[in-house]
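Notebook open, structure loaded. I want to go through some helix packing, then the ligand site and the domain annotation.

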Amino acid sequence: MTVESTAGARKAPGAAKKAAARGSTKTSGSTKTRGARAARNAPAKPEIVQLLTPEGKRVSHPEYSIDLTSDELRGLYRDMVLTRRFDGEAAALQRQGELGLWASLLGQEAAQIGSGRALRDDDYVFPTYREHGVAWCRGVDPLNLCGMFRGVNHGGWDPNQNNFHLYTIVIGSQTLHATGYAMGVQKDGADSAVIAYFGDGASSQGDVNEAFTFAAVYNAPVIFFCQNNQWAISEPTDRQTRVPLYQRAGGFGFPGVRVDGNDVLAVMAVTRAALEHVRSGNGPMLIEAFTYRMGAHTTSDDPTRYRHDSDLAAWRLKDPITRLRTHLTDLDAADQAFFDAVEKESDALAKRVREGVRSMPDPGAMEMFEHIYADGHALVDEERAAFAEYQSSFVDSEGH
Ligand SMILES: Cc1ncc(C[n+]2csc(CCOP(=O)(O)OP(=O)(O)O)c2C)c(N)n1
Ligand SMILES: [Mg+2]
């Protein structure tokens, strides 16, 4: 939608009121002209890429296809089940006072595993705070994610170990970091890709729109992966945009595509194609994974105050894990023994996470001064010394 049409739409009621006050019924432009203008500016009907229906039936798409072995399909199922189990365990640990906060990915497993498993090791990921499934695909230990939410480490992991940047809470800012990184990759002459995850709410941030502009004009090899989970805390998507989000890309001069975010096969197919696109020097791409946040925004939120249970019930029928399980069964690619084994493995993972979190040591108070500047900084030295002195004021005469 253009600025002109938005302004026109907003002005109309006020203009009519003023005209009525003047005792005139004349308004600017005929109904026919206004109708034609509205039609010209209306967003195109949204299209969505799907390879597995909500009932788990395999369908084809004219542009996107995928051919996975039974082994690969089972792998995606395992990833989604283990991620969901870890996520549930972390949420429970928060409720037990073991974590300060948790942002659940419940319902978004296919969007994250489908895209995460499409990446190469040398690609670089810039996540928000909810990408536990992508972290899993990159090989980041779930305990590191928990350490961050427990507040016992300053960030949680070494980003360069798995090419998975630290979680970013400042909404949308990681899209700029990703774009800058992608511009660097381009200057190095490498064919690695960069992917930035963000949410529907983040799409309204200036940072995201600036990142789109920079990435477009510099032809940066970056995928903007928007998980449209329908909510930004308690704000619905229709408070963020008048057009389907993927169509925003067109205005910046690069392609956008909407994929069924609860269909792991479609997400993988679309992400693979987008990776190919950005690696080949064609500039950025926007993927909108259309999904739903089944849980609360975080453990500090109560979604019953702003959304209807009926929405949840409708989305439950589109569950990404059930969908793939049906497909695996239809193909005869997995039997009960396989599903039981994954269940058992997820129990073991939950136990490891539970025990690991409970036994995490508290960091030394002085550790907060580490890892700030690579080569140190006079101001940090000063603050460290002042804090050390303050700490020592608590030591009693016996040295405790
Ligand atoms: C710059 C900034 N503004 C506001 C916030 C507070 N905040 C945290 S999460 C959030 C909503 C984000 O929604 P969305 O981008 O859709 O991501 P989702 O949480 O749904 O995955 C807001 C406004 C913040 N962290 N950073
Ligand atoms: Mg959202």
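This is a predicted model: local features need pLDDT of at least 70, side-chain atom pairs count only at pLDDT 80 or more; totals for chains, interfaces and linings use all residues.

I started with how α4 passes α11, and the crossing comes out right-handed. α4 covers residues 109-116 and α11 covers residues 264-279; their axes come within 8 Å and cross at roughly 40°. Angles from 65 to 115 degrees would be roughly perpendicular and those under 35 roughly parallel, so I logged α4 and α11 as oblique to each other.

From α4 I got Ala110, Ala111, Ile113, Gly114 and Ser115, which meet Val264, Val267, Met268 and Thr271 of α11. Sorted by class, that contact has six nonpolar and three polar residues, with no charged ones.

I read an angle of about 40° and axes 10 Å apart, which makes α6 oblique to α14. The crossing of these two is right-handed. On the α6 side I listed Pro142, Leu143, Cys146 and Arg150, and on the α14 side Val353, Gly356 and Val357. The class count for this contact is five nonpolar, one polar and one charged.

Then the ligand. Which residues are closest to ligand 1? I found Ile171, Gly199, Gly201, Ala202 and Ala232, out of 14 that surround ligand 1. The shell splits into seven nonpolar, four polar and three charged residues.

Last, the annotation. An unreviewed UniProt entry puts "domain: Dehydrogenase E1 component" at residues 78-350. Over that stretch I noted 48% helix and 11% strand, with the end C-alpha atoms 14 Å apart.

Notes. Residues are numbered from 1 along each chain as its sequence is written. Chains are lettered from A and ligands numbered from 1 in the order in which they are written. UniProt positions are given in the numbering used here, feature names are shortened, and annotations may be inferred rather than shown by experiment. Helices (H or I, at least four residues) and strands (E, at least two) are DSSP runs, numbered from the N terminus. A residue is near a molecule or strand if its C-beta atom, placed from the backbone, lies within 6 Å of it. Ala, Val, Leu, Ile, Met, Phe, Trp, Tyr, Cys and Pro count as nonpolar, Asp, Glu, Lys and Arg as charged, and the others, Gly among them, as polar. Axes are lines fitted to C-alpha atoms, for helices over the stretch in contact, and angles run from 0 to 180 degrees between N-to-C directions. Angles under 35 degrees count as roughly parallel, over 145 as roughly antiparallel, 65 to 115 as roughly perpendicular and the rest as oblique. A crossing is left-handed if the near helix is turned anticlockwise from the far one by less than a right angle, and right-handed if clockwise. Two residues are in contact if their C-beta atoms, placed from the backbone, lie within 7 Å.
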